[in-house]
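Let's take a walk through a protein model together. Have a look at the picture first, and then we'll pick out a few spots.

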Amino acid sequence: MMRFRMVRLGVVVCMAVIGLSACGGHGASVDASTPVNDGGNGRDDDRDGGSPEFPFAFDLAFEPRGGGDGDGDGDGDGDGDGDGDGDDASVLSEADLVQLHGDRLYALSEYYGLTVLDVSTPGKLAVLGRHPVEGEPFEMYLVDSTLLVLYRGATAQTDMDGLRLREASGLLALDVEDPGDIELLEDLVLRGDIQDSRRRGDLIYTAARTSSPLCEVCDVEAEVQTYRLTQGGRLEPVGSLELSLGLGSGSRPIAVYTTDQRMYLSAGQGVRVVDISEPAGGLSEGALLELDGATGSRFHMNEHDGVLRVLSQAPGLAPPVLETFEVESPDRVRPLARLALRLPRPEELKSVRFDGSRAYAITFERTDPLFALDLSDPEAPRQVGELEIPGWVYHLEPRGDRLLGLGFDPTRGRDLLHASLFDVEDLAAPALLSRVHFGGLGGSFTEDQNRIHKALAVDEDAGLLMVPYSGYEAVERAEPGRGPCSQTRSGVQLIDYGRSELVLRGLARQRRAGRRALLHQERLLAVSQDAVQAFDIADRGAPQETDHAALSQDVAAAVEVGEHLVRVAVDSDRGHGVLSVVPRGAPETFEPIGQLELPPMSDGPCGDPFRFRVIRFLAQGDHAFLLRTSGSGRFQVMAFDISDPTAPVRGDTLSLDGLLWYNSAAIPAAASWGEPLALAAGRLALFGTQQRNPATLLIVDLRDPHALSVEAELQRPEASLGHTGLFAAGEMVYTSHVQEIDDGARAVYYLERLDLSSESPQQLDPVAIPGPVIDYEPDSGRLVSLILDLELDSSLAREQCRAHPQSRGYTESGGCKLLRQRLALLDVEGDHATLIDELAVESDAAARRALPAGDLVVVRLGEERGASETVAGGDGDGEANSPCTRHDIISGVTRGRLRKESEFSICGSVHGYHPYDHGVFMNMPYPTPAMALLELDDPAQPRWSIRPMSAQGCSQVSISSSAIVCAQGRYGVHRLPFPTSGL
């Protein structure tokens with residue numbers, strides 16, 4: 001039992017069977033050019049414990065070890081931020097996800113980009129045009145026929161040493177006069193992560209965080225910039241300020257509160273004042289105010305009659321503190337008063353709202369006290385009223401002597417969300433007039449507290465609240481004996497709104513989280529991340545959907561078949577999918593030239609996203625093959641004929657009992673390259689059926705797409721401890737495994753080969769090799785492997801051993817177990833392997849992965865000790881804890897002489913490496929999503945290129961002779977054509 005658990009968990013080299021000395025430290029050392037399976041290896045057997053039968057065997061010295069490879073202050077809403085249309089040069093306006101101009105709706109989805117719709121016919125939606133946005137769309141402004149789109153993305157700093165990703169943002173100017181032919185006018189890169197923006201006339205103000213998001217408490221840095229929109233749609237830089245905001249959290253959004261004269265920015269315990277009064281757009285840095293505590297959102301700050309009011313709370317549930325300041329000028333801000341709120345018990349400050357000479361604060365522990373503050377005398381503010389109610393309020397919306405609230409009530413088992421109506425006419429005695437609950441199970445609002453006011457729609461004339469939210473509900477399964485499952489219950493909740501009562505009405509259902517709601521021609525237009533829906537709400541209790549327009553598409557996988565791109569979209573709510581065919585030059589088009597429905601893998605009412613998940617999507621000739629799985633462990637191979645792209649045909653479906661992702665338990669992480677399946681010569685090889693080692697190797701015959709079959713089930717050696725993934729080369733599939741010998745005292749690696757060139761698969765004799773296979777070329781017989789040497793270093797203390805990149809643990813007797821590694825180049829002929837060269841992995845690193853790339857091998861080493869990326873705003877010493885990993889580029893596979901050509905580092909995480917003919921493509925989701933391409937035409941001087949992505953990296957990557965195709969799930973698909981000189 002112990003062995004099984006550890007084998008599954010991690011990286012293994014030796015097991016505790018005999019003393020460390022049995023490993024000898026040189027168990028895989030072989031003289032160059034010596035045959036290894038000829039019964040005489042020319043080595044000193046007393047030195048390394050080798051034997052003629054198993055020349056590459058290494059001794060097992062310890063047990064398998066685990067390891068391996070988120071009022072009136074200008075606009076009547078009390079926040080001081082104007083929300084006019086921005087046509088008046090003196091009026092500030094805010095960006096949003098939607099813009100409605102006449103009968104034209106502009107909708108922005110962070111999954112895709114811009115969609116323009118004609119909404120002139122009540123209840124009908126007509127798509128006029130689309131424009132994708134690289135990166136993650138944020139918000140937008142409409143200025144006449146120019147649309148200004150802010151988005152988040154990535155930028156890269158590269159040099160000879162490697163790649164460092166930085167958070168970045170962008171500002172697009174689009175000419176949308178003709179929605180069917182949208183023209184890109186400008187695409188500016190903004191430093192940092194965009195947090196907010198304002199528009200005044202032809203001026204655009206942006207605020208971005210430029211310090212690291214990784215620090216817990218640090219000096220947060222930001223940049224405010226001004227751009228002028230010219231008559232030709234160009235954006236001219238006007239002003240720029242780099243600012244310190246004082247202590248705060250790098251991961252917390254920067255709160256931006258703006259008046260027509262000043263901008264206030266806060267990320268915690270400081271507020272920075274910026275002068276924006278200059279009509280031409282110039283910026284001036286003002287005072288930095290130190291607060292008693294931290295602000296939570298923009299609504300914690302407010303300026304009224306020249307007085308800045310801020311409500312904050314220090315860590316540890318200290319009483320919230322109201323501070324008032326007289327603003328004589330941006331750089332002369334004088335403290336006036338300080339008021340610590342009286343709380344019935346220590347509680348967390350949840351939401352704040354200022355309204356002229358009033359303020360309201362919500363705290364929460366078990367009940368939800370609403371505190372009312374009188375600010376009519378800014379030098380002597382008073383806490384005058386209090387109301388205790390269940391739950392807590394997330395957002396407050398002043399409406400004269402009434403106050404609307406949106407919040408949560410965790411005391412309820414379901415319908416956790418609520419809308420509340422308060423009477424605040426008598427500030428000393430606030431009263432709850434009405435509350436309604438909705439949202440189902442796990443309900444949540446879809447915007448943070450800096451933007452929730454944009455989601456809540458209040459129509460005073462219609463007496464209607466429209467609240468977008470996200471949630472789910474429990475649904476009983478059809479299958480007997482199984483409990484309920486969850487199903488999406490998201491959309492726009494309708495609530496009748498009067499002076500004394502709220503009445504819960506119907507839900508306009510949406511498949512994804514509701515983001516915005518607006519009334520147009522007596523119809524509700526509900527906007528989610530992936531669609532705009534029109535609803536007839538004549539009967540508010542039962543909204544009826546009348547039309548639907550997609551804003552994005554969910555591409556789980558895509559492959560090129562001839563001149564076309566075949567996509568698979570999965571609808572997790574309904575448990576089925578759609579296969580669509582588009583021209584390969586238009587991968588993101590919403591109008592396929594052919595498509596067909598894919599059935600669910602099981603019946604039932606539940607929208608279980610795990611019922612149908614794409615494992616792989618492969619192409620061969622005019623056919624595509626989909627390997628998919630259900631949550632219950634069923635696996636299917638589905639074939640499709642794409643010879644007529646306008647009418648794709650579903651071929652045979654082959655069901656498999658189970659499938660096992662390859663088990664590299666006993667394989668060092670450097671060998672984790674390879675796949676759990678490989679396609680070669682019309683067959684699909686994959687590990688499957690047995691949920692233990694050794695995994696059965698299944699051979700699925702795909703040569704007749706209308707008659708799929710399991711051609712062979714090849715059993716693996718019973719003594720196998722684990723195996724690498726599968727590789728395809730020409731008409732051969734190969735892998736390697738490690739096997740115990742000598743009653744578990746030692747182990748040996750074997751190369752396994754499957755020849756698929758004939759009518760029936762032929763298993764070739766295994767070949768003993770010094771370590772896990774990294775690359776093998778059947779035509780030349782060249783093989784790259786990894787030699788593993790275990791050594792004991794008694795000079796290293798326990799802490800030094802723990803920090804050593806090659807450490808495999810500290811012995812009780814006081815020695816540090818180090819795993820030394822060497823790349824090995826061999827010639828394989830028949831069932832013999834001859835070592836012809838080797839190259840040591842440097843002693844200050846450990847190989848974690850090795851990637852074959854033609855004549856080259858790219859070796860990923862462990863995290864560089866002490867090489868974390870240094871950025872402003874890191875932890876106390878400035879380290880932002882963004883680890884850098886070094887990679888060595890090794891040449892000489894075909895020449896027969898291994899040589900290190902160069903090295904590079906990547907600061908950030910790599911989710912997947914994908915070698916191709918000229919380099920390595922990398923999917924990098926962190927610190928900001930991007931695709932990176934390392935071009936290795938000249939391995940001594942590798943070249944980098946970078947392309948920002950949306951909030952999700954590639955869910956699946958396929959590489960053909962003409963392109964790299966990156967499927968991004970809900971964010972669509974990207975195609976990078978060859979030849980390419982970068983991304």
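This is a predicted model: local features need pLDDT of at least 70, side-chain atom pairs count only at pLDDT 80 or more; totals for chains, interfaces and linings use all residues.

Residues are numbered from 1 along each chain as its sequence is written, and side-chain values use heavy atoms, with hydrogens and water left out.

Start with the open sheet: four strands, in the order 15-16-17-18, with antiparallel pairing. Strands here are DSSP runs (E, at least two residues), numbered from the N terminus, and two of them pair if DSSP finds at least two bridges between them. Strand 15 (255-258) and strand 18 (284-290) are at the edges with a single partner strand each, so one side of each has no neighbour in the sheet. Further in, strand 16 (residues 262-266) and strand 17 (residues 270-275) are joined by five bridges. One you can look up: Leu265 has Arg272 in strand 17 as its bridge partner.

Now for the disulfides, meaning pairs of cysteine sulfur atoms within 2.5 Å. How many does a search of the whole structure find? It finds two. Cys801 and Cys816 form a disulfide with sulfur atoms 2.2 Å apart. Cys801 sits in helix 4 (residues 798-803) and Cys816 in strand 62 (residues 816-829), so this pair ties together parts 15 residues apart in sequence. Helices are DSSP runs too (H or I, at least four residues).

A disulfide also joins Cys954 to Cys966, S to S 2.1 Å. The torsion about its S-S bond is about -110°, so this disulfide is left-handed.
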